[in-house]
Structures are given as C-alpha cells and as structure tokens.
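Colleague: I want to learn how to read sheets, cores and ring contacts in a model. Please take me through them one at a time.

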Amino acid sequence: IPDNVIQQADIQDDAVGTDELANDVVINTSGAITTTGINTSASLVLTPSSAPATTEGAIYYDSTSDKVNVWNGTAWEQISNLIGFEAKGSGGHITDYSIGSSHYVVHTFTTSGVFTPTASFNVDYLVVAGGGGGGNSRAGGGGAGGFRTATGLSVSAGVAYAVTVGAGGTSAVSGSNSVFNSITSTGGGRGGSVDASGAVATGGSGGGGGGLGATTEAGGSASPAGEGNAGGHGYFSVSTQRNGGGGGGAGAVGGNASANNSGDGGTGSTNAYRTGSNVTYAGGGGGGDQTSGEGTGGTGGGGNGGRDTSILATAGTVNTGSGGGGGGGTGGSGGSGIVIIRYTI
C-alpha cells in the first residue's frame with residue numbers, strides 16, 4: 001500500500017481489532033507500523049544515561065540518581081515530583097519527601113514571594129533572618145539572623161501570605177528581617193568597628209564587640225530574646241593587640257577575644273524541614289584581628305574573620321542567615337535568610 005493512501009477517515013471506529021494485528025508489532029519513531037508488528041508483552045525501557053539535549057517534553061533515566069526526569073522547558077524535574085504528590089498551596093520551590101508513613105510537601109523561599117494555600121490546614125515553619133555584616137578594622141563578627149521555628153501554625157484557604165526573605169547586611173551593617181504570616185525573625189546585629197562605621201549592634205543574634213579601646217568592649221545582645229545569642233567582647237591593648245569578638249549564633253554565644261586571638265562565631269542551629277535531614281543555619285561571624293589569630297565562623301555558614309589587610313574577612317553563606325566575618329580591614333557581608341514552610345499530605 002503506497003504511503004498515505006489509507007486516511008483516518010477510511011477506517012471506521014473499532015474496524016481493526018487486535019486479532020487483525022500480528023503479535024510483536026512495534027511502532028517505529030516515524031509513526032509507521034513495521035512488519036514485526038506491535039509487541040503486546042514488552043515494557044518501555046529507557047537506557048540509563050546522563051542528561052540529554054534539553055528539548056521540552058524529553059524524558060530520560062538518570063543513572064546517577066536512579067530517577068526518571070522530564071525537561072519542563074526550564075529545568076530537569078523528577079517525574080515522581082510531578083505525579084507523586086499534590087501540593088496544597090503555591091509559592092516558593094516545591095519539593096516533597098517521606099519520613100516513615102508521613103509524607104511532607106515543602107515550600108522553600110530563598111527570595112521573597114507569596115505562599116497561597118488552597119485549603120485551610122496547619123504548617124510547620126522555619127524563618128531565618130539575614131545575618132549581620134562584620135565590622136571594619138580589627139572588628140567584631142556579624143551576628144546571625146534570628147532563627148524561629150515551630151509547628152502547628154494555622155493558614156487559611158485562598159489567603160496570600162507575603163514571604164519576606166531578609167538580606168544579609170554589608171560590612172558594618174545589620175541584617176534585614178525575614179517574615180512569614182505573623183512570624184518575624186530579626187536581622188543579625190553588625191559587628192563592632194574601630195572606624196567610624198558604627199559600634200556593635202543588637203539583633204536576632206548580637207554582633208561581636210570590636211577592639212575599640214577596652215578589654216571588656218561588649219558584644220551586642222540578642223534582641224528580641226529567644227531568636228539567637230549575644231556576641232563576644234573585643235580586646236584592646238596599646239602594646240599588643242586589637243581583636244574583635246565573635247558574632248552570636250542561633251545555637252551559642254560568640255567567643256570572646258583575647259590578647260592573642262579574636263573570638264570565634266557562635267554555632268548555628270539545625271532544622272530538618274527542607275529535606276528531612278538536619279541542616280545547620282545561622283552561625284555567627286568570626287572576629288577580625290590586627291596581626292594573628294583571626295576568629296573562625298560558627299557552624300551553619302558563619303564567615304571567617306580577617307587579619308589586618310593581609311587576610312580578607314569572608315561573607316556568611318547565602319540563605320543561611322549567618323553573620324559575616326569581622327574585618328582586619330573591611331568586614332564580610334552577612335548571609336541572606338531563608339523561609340521554609342512544611343505540611344503533611
């Protein structure tokens with residue numbers, strides 16, 4: 001039969017039954033029916049591979065993750081994420097995971113956005129504010145942003161809840177607040193500075209004290225209480241050193257500076273809402289020093305302190321709310337915050 005002689009209109013509904021087709025017929029990629037027939041027993045098998053060319057609608061089996069993926073026009077996405085669950089809201093980056101018999105849907109906001117539930121239910125949340133920037137010149141480390149988490153927060157169907165993800169502060173600038181629903185986490189306090197850019201500040205966690213002129217130069221306090229911890233005090237000596245204290249972290253106070261060392265940043269706190277496994281957030285920034293012994297950033301992403309102008313202070317890790325390292329010269333920026341919303345389905 002010549003190509004295209006038989007049209008769809010020439011075949012009545014149900015005119016061709018399975019008994020008219022030979023076993024093992026297969027349809028080739030051009031749409032024609034080959035002489036081997038349609039195979040009614042075999043399964044569709046995808047050859048394991050790495051990601052192929054990005055054509056919208058393409059699918060492949062990822063031999064590394066053992067998942068089937070589809071290109072959605074923007075990125076490869078696991079097909080199980082598309083058909084394995086139905087989110088009860090929109091907004092943020094939506095993922096899911098199971099722990100035992102409980103299945104969770106997660107909305108992660110790394111930038112500001114809107115969460116809109118399609119039903120009324122309770123959610124768990126983590127709201128971390130932006131970390132404070134480290135101070136300038138033998139300065140204190142920045143304090144971590146406020147860390148607030150709880151379960152059982154009620155949300156209502158159809159209400160658009162604004163989500164604000166606080167920015168980290170630049171050098172000697174406090175971090176910005178993060179907000180979800182009625183929950184506000186306070187930005188971390190900036191580290192104390194020797195130069196004119198400002199004294200130590202309070203915040204979700206307080207910034208570390210700079211080497212400003214007294215052995216007891218205090219670090220900033222956590223304000224409001226319960227969101228973090230105070231920064232450590234700085235150290236000053238005309239004949240020896242000017243060292244900064246560590247910024248407070250969500251899990252511990254910042255370390256105090258001494259004659260030989262700047263203070264380390266306070267440790268952060270862990271939370272498992274994003275993936276089901278603990279991740280540490282909101283570490284304090286390490287203090288900066290004059291000649292040696294710069295402070296180390298707290299676990300959870302705190303930046304390391306700098307040494308005079310020879311070692312640069314580092315920034316807090318983005319989307320952890322961690323404080324920036326205090327500068328031997330210029331302080332490191334604080335890390336931006338994050339908002340995570342989780343519920344069961």
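Colleague: Where does R342 lie relative to Y104?

Modeller: R342 lies over the face of Y104, at 4.0 Å from the ring centre. The criterion: a charge sits over a ring if NZ of Lys or CZ of Arg is within 6 Å of the ring centre and within 35 degrees of the ring normal. The charged end of K88 also meets it, sitting over the ring of F121, 4.4 Å from its centre.

Colleague: What should I know about the source of these values?

Modeller: This is a predicted model, so local features need pLDDT of at least 70, side-chain atom pairs count only at pLDDT 80 or more, and totals for chains, interfaces and linings use all residues. Residues are numbered from 1 along each chain as its sequence is written, and side-chain values use heavy atoms, with hydrogens and water left out.

Colleague: How do I read ring pairs, and how many aromatic pairs are there?

Modeller: A pair of aromatic rings is described by the distance of the centres and the angle of the planes. Rings of Phe, Tyr and Trp (its six-membered ring) pair if their centres lie within 6.5 Å; planes under 30 degrees apart count as stacked, over 60 as edge-to-face and the rest as tilted. The count here is four aromatic pairs. F121 and Y343 have ring centres 4.9 Å apart and planes at 55°, so the pair is tilted. F121 belongs to strand β10 and Y343 to strand β19, so the pair ties together parts that are 222 residues apart in sequence. Both F121 and Y343 are buried (under 20% relative accessible area; exposed is over 50%, partly exposed in between; 1.4 Å probe, protein chains only).

Colleague: Which class does the pair Y161 and F180 fall in?

Modeller: Edge-to-face, because the planes stand at 65°, with the centres 6.2 Å apart. Both Y161 and F180 are buried. Ring pairs also link F115, Y161 and F180 into a cluster.

Colleague: Now sheets. What is the order of the strands in the one that holds β10?

Modeller: Strands of a sheet pair through backbone hydrogen bonds, either parallel or antiparallel. Strands are DSSP runs (E, at least two residues), numbered from the N terminus, and two of them pair if DSSP finds at least two bridges between them. The order in this open sheet of five is β7-β8-β19-β10-β11, with antiparallel pairing. β7 (93–99) and β11 are the edge strands, each pairing on one side only.

Colleague: Why is β10 called largely enclosed by the rest of the structure?

Modeller: Because seven of its eight residues (121–128) are buried.

Colleague: Last, cores. Which residues touch the most other members of the largest one?

Modeller: A nonpolar core is a set of buried Ala, Val, Leu, Ile, Met, Phe, Trp, Tyr and Cys residues joined through side-chain atoms within 4.5 Å. Of the 17 residues in the largest, F115, V123, F180 and V339 touch the most other members. β10 gives this core its largest share, four residues. V123 has contacts (heavy atoms within 4.5 Å) that include L153, F180 and I341.

Definitions and conventions. Lists of a residue's contacts leave out its neighbours within four places in sequence.
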